[in-house]
Amino acid sequence: VIESVRSVDEAAVLKSRGALFWAIDADIAVRYKRTLGRVLPKDRVPFEIFAAQDAADKTAMSGLSDMADTVLLSDGSLDNLHAKIETALAEAIKKP
């Protein structure tokens with residue numbers, strides 16, 4: 001498991017070696033709320049600054065979600081995300 005792929009080139013190399021590439025995303029409001037729950041002071045920024053940083057990140061990483069074999073939405077609890085991962089993993093194992 002590689003937690004953070006930040007470029008199309010990185011994803012292409014991994015996929016060329018047979019890796020399954022999954023994207024996990026969440027609505028910006030959900031991500032912002034989660035960020036506010038962190039301990040680091042640098043994470044406590046106004047929503048407008050967070051949104052601008054998010055837009056820059058999405059621009060820098062454009063195309064990655066399009067390359068994903070599976071896209072999961074992390075819009076609930078951690079248990080909910082784990083269940084989605086388990087389901088997606090079971091489906092991936094079934095594929096030839």
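This is a predicted model: local features need pLDDT of at least 70, side-chain atom pairs count only at pLDDT 80 or more; totals for chains, interfaces and linings use all residues.
Residues are numbered from 1 along each chain as its sequence is written, and side-chain values use heavy atoms, leaving out hydrogens and water.

The protein chain contains 5 helices and 2 strands, arranged from the N terminus as α-β-α-α-α-β-α (DSSP runs numbered from the N terminus: helices are H or I of at least four residues, strands E of at least two). Its C-alpha trace spans about 45 × 30 × 20 Å along the principal axes. Of the 96 residues, 20% are buried. Among contacts (heavy atoms within 4.5 Å) between residues at least 6 apart in sequence, 61% join residues at least 24 apart.

Two features of the aromatic residues follow. The structure holds 2 aromatic pairs (rings of Phe, Tyr and Trp, the last by its six-membered ring, with centres within 6.5 Å; planes under 30 degrees apart are stacked, over 60 edge-to-face and the rest tilted). In one of them, the ring centres of Tyr 32 and Phe 47 are 5.2 Å apart and the planes lie at 85°, so the pair is edge-to-face. Because Tyr 32 belongs to helix α2 (residues 28-36) and Phe 47 to helix α3 (residues 47-60), the pair ties together parts 15 residues apart in sequence. Phe 47 is partly exposed, at a relative accessible area of 33%. Tyr 32, Phe 47 and Phe 50 form one aromatic cluster.

How values were computed
Buried means under 20% relative accessible area, exposed over 50%, partly exposed in between (1.4 Å probe, protein chains only).
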